[in-house]
Amino acid sequence: MVSESRRDGDLHKAMDAGLIDYLVEPLAHADILRRLVCRALDLDRLARAHDESRVELQSLNDRLERHLEILREDQRAGGHVQRKLLPPPGVTHRGVRCDYWFAPSLYLSGDFLDFQRCDERYSFFYFADVAGHGASSAFVTVLLKYLCNRWLSQWRTLLPEAFPSRWLGELNRELLETGIGKHATIFAGVLDHERHFLHYALGAQLPMPILVSEEGASYLGGEGPPVGLFPDVEYPIYGCPLPERFQLWFCSDGVLECLPAASLDARLKELERRVTRCTRVDDLKDGLALGDQLPDDLSMMTLSGFEHD
Amino acid sequence: MIEGRIKAAFDSGVFVLKLCGDVRLTLCATLDAEAQRLADLPGLRAVMVDLREATNVDSTALGFLAKVALAVRGRLEQPPTIVAEHPDVRRMLDVMGFARYFTLVEAPLTEPAELAELPHVEADEKAIQQRILEAHRILMHMSEHNRHEFQPLIELLESQHAKASSH
C-alpha cells in the first residue's frame, strides 16, 4: 500500500485485507518503492510455488497411501494363507487336544506350530520361532511346514524316539543349505499315546515348555542349538513320561516382554506361576500386558490329554 | 530402554565389537556387514565381543554374532571371546549354544582401548532413490495390476533420478 499520508483507520482496513507492507509518500522514496514492489512480486511467486508443491505433495501422498493399501492387502492375504497352514484350532488326536493363540507383530508371523497324527499310536508336534519377524521370517515358517510334511512321509522308516532329534538335524542342514541366513528356535516332540510318553528334542527353545499335572508345574529340561545357525550339530534325544491328565504349555519368547518382572529368571517364574492358574490359552493371554502393537510375534499353544476325544 | 548401539575398534590384530543398550534387529545391517568384513580383515588375530553394557540382544543380533564366529573359525588361534555380565544375556548365550563357538567370560583380561562409534551404514539419498525405484520396478513386474498402479510413480522417480544424475 502506498499513501500520501498516514491514517491509522485506513491502515487498519488494509491490514485486515492482507497488507504486506506500506509506504508513506512513495514519490519521495522511489527506490524503496521499487524494492517493495519486487518483494511483493517475490512473495506472490513463493505463494504460487507453495500452492503448486502442496498440490503435488497431496497427489504423491494419495498415491503413497494407495500403494501402502495394496501392500497391506497383500500382507493380509499372506497372513490368511499362513493361518491356513496352522492346524485347525482344537484339533484332537487320540485324546490329546491342541489349542493355540497366534498373534503376529505385523501381518505375518515368524512363529509357527503344528500337531499331526503319525499313525494309530503316535502323533508329532513342533513349536518354532524364526528369528526376526515379518514376511522374511514367515517364508521360513512355510519352509518348516513343507520340511515337516516331507519328513513325516518317511515316518515308518524311522524310530519314534529319535524322530524329533533327527528332524531337527535335517532342518538345520536344510536351512543352512538354502543360505537364507535365518535361524529358528524350535521344540519338536513325538507323543506316544499308548505308553503315555513324550519323546522330544529342542533347539534353543526359550521359555522351555511347561508340563502341568496334578502334582504341579515344571519346565521340561534339555538343550540344543537353534536350527539354521551352526553347521554339523546333533540334537540330543530327551524323554518324559506323561501322567494320565496333563497339559503342556508352549510360549514364544515374545511372552517374556509382556510379563511384569525385572529379570529373565523372575519372568520365567512368573510365567510358571500364571500357567498353573490357567486352564486355557485365552486365560493366560488375557492376563498379559498386551499393547496395541506387539514388540515381537507372540504365540502360545497347549496340548492337553489324555482324556479328550 | 536405552537405544541399541554398536561400537567397534581394531588395533594390533584385535577386533573389538561392543554392543550397548537394547540391541534389536533394526541395527543388524551394520552387524552383517561387519561379519563379512571381519572375515577378510588382514592381520586379524583375535575377536572380542563386549556385551557388558547390553541390556537386551535380540535373536537376530545373536544370529549375526554367531555368523562372526563362523566367519573367523579356522582362521584364528582362539575362538572369539564374549564378555557378558548380565545374567539374562548370559542365559541367552547359553541357550543358543554359544559356548561351543565363543569363549564366554565375565570380565576382559585388559580393558579394550578407546572405542570409536561404528558409523551407521547409511545409503545416500541417491542410493535410496535407486533402491526404491528398483523395488517398485520389481513390484511392477509382478503383475499387470501393479504395473498399472506403479507406472506413474516409476516415471516420477526415474525423472528425479535422471535430474539428480545430471547435476
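How many bridges join strand β7 (residues 184-192) of chain A and strand β8 (residues 197-203) of chain A, and in which sense do they pair? The two strands run antiparallel and pair over seven bridges. Within this pairing, Ala188(A) stands opposite Ala201(A) of β8(A). The model is predicted.

**The sheet.** Strands β7 and β8 belong to an open sheet of five strands in chain A. The order is β5-β6-β7-β8-β11, with antiparallel pairing.

**The largest pocket.** This pocket holds about 760 Å³ of space. Its lining counts 35 residues, and those closest to the centre are Glu257(A), Arg24(B), Asn56(B), Val57(B) and Asp58(B). Chain A gives two or more residues from each of β6 (122-130) and α5 (264-277). The most come from α3(B), which gives four residues. By class, the lining has 16 nonpolar, 10 polar and nine charged residues.

**Cysteines.** No disulfides are found over all chains of the structure. For Cys278(A), the closest cysteine sulfur is that of Cys251(A), 9.6 Å away, so the two sulfurs are too far apart for a bond. A disulfide needs sulfur atoms within 2.5 Å. Two cysteines of chain A count as buried, being under the 20% cut-off.

| Residue | Relative accessible area |
|---|---|
| Cys258(A) | 6% |
| Cys278(A) | 11% |

Conventions
Residues numbered from 1 in each chain as written. Chains lettered and ligands numbered in written order. Predicted model: local features only at pLDDT ≥ 70, side-chain atom pairs only at ≥ 80, totals over all residues. Heavy atoms only, no water. 1 Å grid on protein atoms, 1.4 Å probe; cavity = no way out; pocket = protein on both sides within 12 Å on 5 of 7 lines; lining within 4 Å. Points joined across faces, edges and corners; volume = space filled by probe spheres on them. Nonpolar A, V, L, I, M, F, W, Y, C, P; charged D, E, K, R; others polar. Buried < 20%, exposed > 50% of the residue type's maximum accessible area, 1.4 Å probe, protein only. Pairing = 2+ DSSP bridges.
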